[in-house]
Every structure is written in structure tokens, then in C-alpha cells.
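Then follow the stops below, one selection at a time.

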Amino acid sequence: MGGAARARNFTFRDLPYGKLGETDGNGNIFIRRGLTGWVFMETLRRETVYSILTPPAPLNKITLALYEKSRSYRYVEEVAAEAYGTGSLWQGLRFPIASGYVGIPGLAAELAGVGAATGAAGYGIYEGVR
């Protein structure tokens, strides 16, 4: 199932009902006590992605803010974690929307805004060098 997950340090912990794993703002991984087998491996692989994407302090505050404020950043992070955890890109692509982490209208609006801003900047540069 991949050496990266086995190479990450984690701690077993009692977690809230329904939560199999979590990664704190410093990249520390916590796994629900008693998980074994495939559920344990999927959870550890998922949390490994979150841990890798969490830079050391003080930069971790930037990624935490991005996750809270940017639907597209949250979508990409959740896709990466789910796809690596389950080994399925299709499941990864569906997960953030199906699980309510992001909504299609908000994600589409944010991506449209980013596209418009990028296009406007590109046109400004084009006009500036012409």
C-alpha cells in the first residue's frame, strides 16, 4: 500500500465519534484507537497527505487559512488525500463534494473568478508589451 504511509509517525488516540483520524496544525497524525486492516491503512494514508501538506510553523498558518477560505484549495487537498487513501482517483474527485467539504456552486464561482483574474492579468501583460 505504499511506503510513504508506513514511514509517517502517528499516535493512537481517542477521537470524537465518527472520526477515524486527524492531523493537527503542526502535521501530527492521530489515528482512532482500535483501527486495523484496510480501514487503518486508508486512514493513515489520508492523514499522511494532510501531514505532508502542512508546512512547519509559521507557514502552517497560511495553509490553514487557505483551507478555511479557499474552496478550490480545500477541494484539491481533499481530492489528494482521498485518492491516495483509497487508491482511487475517481473516488478522490467525488469525495469533497459528496461529503460536503465543498459545494459545486461555490467551487465553480471561485474557479470562474480565478480564471477571470488570470485572463485579465494575461491581457494586461499582453497589452503592456505590445
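**From the helix to the sheet**

Start with residues 37-52, helix α2, which lies across β1, β2 and β3 and runs at about 160° to β3. Keep in mind that this is a predicted model.

Stay on the helix and pick T43, which is found in α2. Is T43 buried or exposed? T43 is buried, because its relative accessible area is 2%, and the cut-off for buried is under 20%. Now show what surrounds T43. Leaving aside neighbours within four places in sequence, T43 is in contact with L20, G21, I31 and L35.

Next, select the strands. What is their order in the sheet? The order is β1-β3-β2, in an open sheet of three strands with mixed pairing. Colour β1 (10-13) and β2 (21-23): both stand at the edges. Each has a single partner strand, so one side of each is left without a neighbour in the sheet. From one strand to the next, the twist averages 25°.

Now zoom in on β1 and β3 (residues 29-32). These strands pair in the parallel sense, over four bridges. Select F12 and look across to I31 in β3, which stands opposite. Then take T11, whose bridge partner in β3 is F30.

Keep F30 selected and turn to β2. E22 also has F30 as its bridge partner in β3. Here β2 and β3 run antiparallel, joined by three bridges.

Last stop: the hairpin that β2 and β3 form, with five residues between them. Select G27 in the turn, where phi is positive, at about 85°.

Technical notes: Residues numbered from 1 in each chain as written. Predicted model: local features only at pLDDT ≥ 70, side-chain atom pairs only at ≥ 80, totals over all residues. Heavy atoms only, no water. Pairing = 2+ DSSP bridges. Helix = DSSP H or I, 4+ residues; strand = E, 2+ residues; numbered from the N terminus. Axes fitted to C-alpha atoms, helices over the stretch in contact; angles between N-to-C directions. Contact = heavy atoms within 4.5 Å. Buried < 20%, exposed > 50% of the residue type's maximum accessible area, 1.4 Å probe, protein only.
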